[in-house]
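Student: I have a chain to go through with you. Can we take the labels one by one and test each against its cut-off?

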Amino acid sequence: MFSIRPLVAAFCLSALAPLAMAGGSHGSHGDEATPNIGQPGVAAQATRTVSITLYDNYYEVDALDVKAGETLHFELKNEGALLHEFNIGTAPMHKNHQREMRKMVASGMMTETGMVEMDHSNMPGMEDMKHDDPNSILLAPGESGELTWTFSGDAELEFACNMPGHYQAGMVGEFSSN
Ligand SMILES: [Cu+2]
């Protein structure tokens, strides 16, 4: 049965999350409490495989149903002429990531069509700048990739491309849980 207690517990946990995550990669993304968006999954344990094609600048689908606890294996293909991302997160997470991607493009580390290999380990403020979040995959034009994710059902999630301007152009879809 529902009671107020689990809600209070969940609130306290999320209020503490920024402290607990201070050294983690997501703690540096912003000031908001880090929501429980789920975790990387094992492809062999996926309940479904979902194939999605990425175009300039939209996804083949604009909504996907997921159940709490479900593991989806995504097969992604970029048929566009630009670099695109498939990132699973909340709207505020995407907003933060868009700020990072803008920085990466502005610094020359990334272009509209691909990543640029460069040593940025001694560039102030750029030491941690790399694109290796487990909830995201970046695909060059013509490239294919995979991502497996286990959904918690605890957060309102979107799949989005955070390349500058793409989200705003409509390169975003929603995960609806029911
Ligand atoms: Cu894009």
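Predicted model: local features only at pLDDT ≥ 70, side-chain atom pairs only at ≥ 80, totals over all residues.

Student: What is the strand order of the open sheet of five strands?

Tutor: The order is E1-E8-E5-E2-E3, and the pairing is mixed. Residues are numbered from 1 along each chain as its sequence is written.

Student: What makes E2 and E3 a pair?

Tutor: Two strands pair if DSSP finds at least two bridges between them. Strand E2 (residues 48-55) and E3 share two bridges, in the antiparallel sense. That meets the cut-off. Tyr55 stands opposite Tyr58 in E3.

Student: How many helices and strands does the chain have?

Tutor: Three helices and 10 strands. Both are DSSP runs, numbered from the N terminus: helices are H or I with at least four residues, strands are E with at least two. The elements run α-β-β-β-β-β-β-α-β-β-β-α-β from the N terminus on.

Student: Why is Tyr167 called buried?

Tutor: A residue is buried if 20 or more other C-beta atoms lie within 10 Å of its own, exposed if 12 or fewer, and partly exposed in between; C-beta atoms are placed from the backbone. Tyr167 has 22 such atoms within 10 Å, so Tyr167 is buried. Tyr167 lies in helix H3 (residues 166-169). Across the chain, buried residues make up 26% of the 178 residues.

Student: Which residues is Tyr167 in contact with, leaving aside neighbours within four places in sequence?

Tutor: Contact requires C-beta atoms, placed from the backbone, within 7 Å. Tyr167 has His94, Gln98, Ala160, Cys161, Asn162 and Val172 as partners. His94 is 73 residues away in sequence, yet 8.6 Å away C-alpha to C-alpha. Ala160 in turn touches Asn87, His94, Tyr167, Met171 and Val172, again without residues up to four places away.

Student: Which residues have the most contacts inside the largest nonpolar core?

Tutor: Leu76, Phe86, Ile137, Leu147, Ala160 and Met171, in a core of 29 residues. A nonpolar core is a set of buried Ala, Val, Leu, Ile, Met, Phe, Trp, Tyr and Cys residues joined through C-beta atoms within 7 Å. Among the elements that each supply at least two residues are strand E5 (71-78) and helix H2 (91-106).

Student: What is the average pLDDT of the chain?

Tutor: It is 82, and 73% of the residues score at least 70. pLDDT is the predictor's confidence in each residue, from 0 to 100. Over residues 1-31 the pLDDT is below 50.

Technical notes. Contact = placed C-beta atoms within 7 Å.
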